[in-house]
Amino acid sequence: MDKMTSRREFLKKCIQVPIGGSVVLGLAACGKDEAAALVCANENLMTASEKSMRQTLKYTETSPDPAKTCKDCAFFKATTGPAGCGTCEMFTGKQANAGGWCVSWSAKT
Ligand code: SF4
């Protein structure tokens, strides 16, 4: 359901921006919005303890350090789900963003 909403919003932005400006700028903005809008972890589907764990570990969907992202973390496993999403062992196998980060980040060996 959220995936459908996200696609709908993405398509709206792709259509609206070119109407107000040039087509080239519109296409560039669509790509940027889509990357920034990718949210892998749906808090509406989490228990209170799962939310608490994410807050304790200061999880973010976008890493503040491009050299330390979930995709390069030992606890991250890529999945066949939405592109850019995977799972994290710290979150009992629940979703994490490949571009995300938390204080438990540990380099893959
Ligand atoms: S431990 Fe933290 S940095 Fe590593 S995959 Fe999980 S959420 Fe990402």
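**Strands and hairpins**

I began with the hairpin of β2 and β3, which has five residues between its strands, and noted that Thr92 in the turn has a positive phi of about 45°. The model is predicted, so I kept to its limits: local features need pLDDT of at least 70, side-chain atom pairs count only at pLDDT 80 or more, and totals for chains, interfaces and linings use all residues. Residues are numbered from 1 along each chain as its sequence is written.

I took helices (H or I, at least four residues) and strands (E, at least two) as DSSP runs, numbered from the N terminus. Two strands pair if DSSP finds at least two bridges between them.

I found β2 and β3 paired antiparallel over four bridges. Cys85 has Asn97 as its bridge partner in β3, and Thr87 has Gln95 there. I then checked β1 and β2, which run antiparallel and are joined by three bridges. Ala78 stands opposite Gly86 in β2. The hairpin of β1 and β2 has six residues between the strands, and its Gly84 takes a positive phi near 95°.

Most residues other than glycine have a negative phi. Thr92 lies in the loop between β2 (85-88) and β3 (94-97). Thr92 counts as exposed because it has 11 C-beta neighbours inside 10 Å. The scale I used calls a residue buried if 20 or more other C-beta atoms lie within 10 Å of its own, exposed if 12 or fewer, and partly exposed in between, with C-beta atoms placed from the backbone.

Lys58 is not a glycine either, and has a positive phi of about 55°. I located Lys58 in the loop between α3 (48-56) and β1 (76-78). With 11 other C-beta atoms within 10 Å, Lys58 is exposed.

Leaving aside neighbours within four places in sequence, Phe76 is in contact (C-beta atoms, placed from the backbone, within 7 Å) with Cys70, Lys71, Gly86, Cys88 and Ala96.

Key
Two residues are in contact if their C-beta atoms, placed from the backbone, lie within 7 Å.
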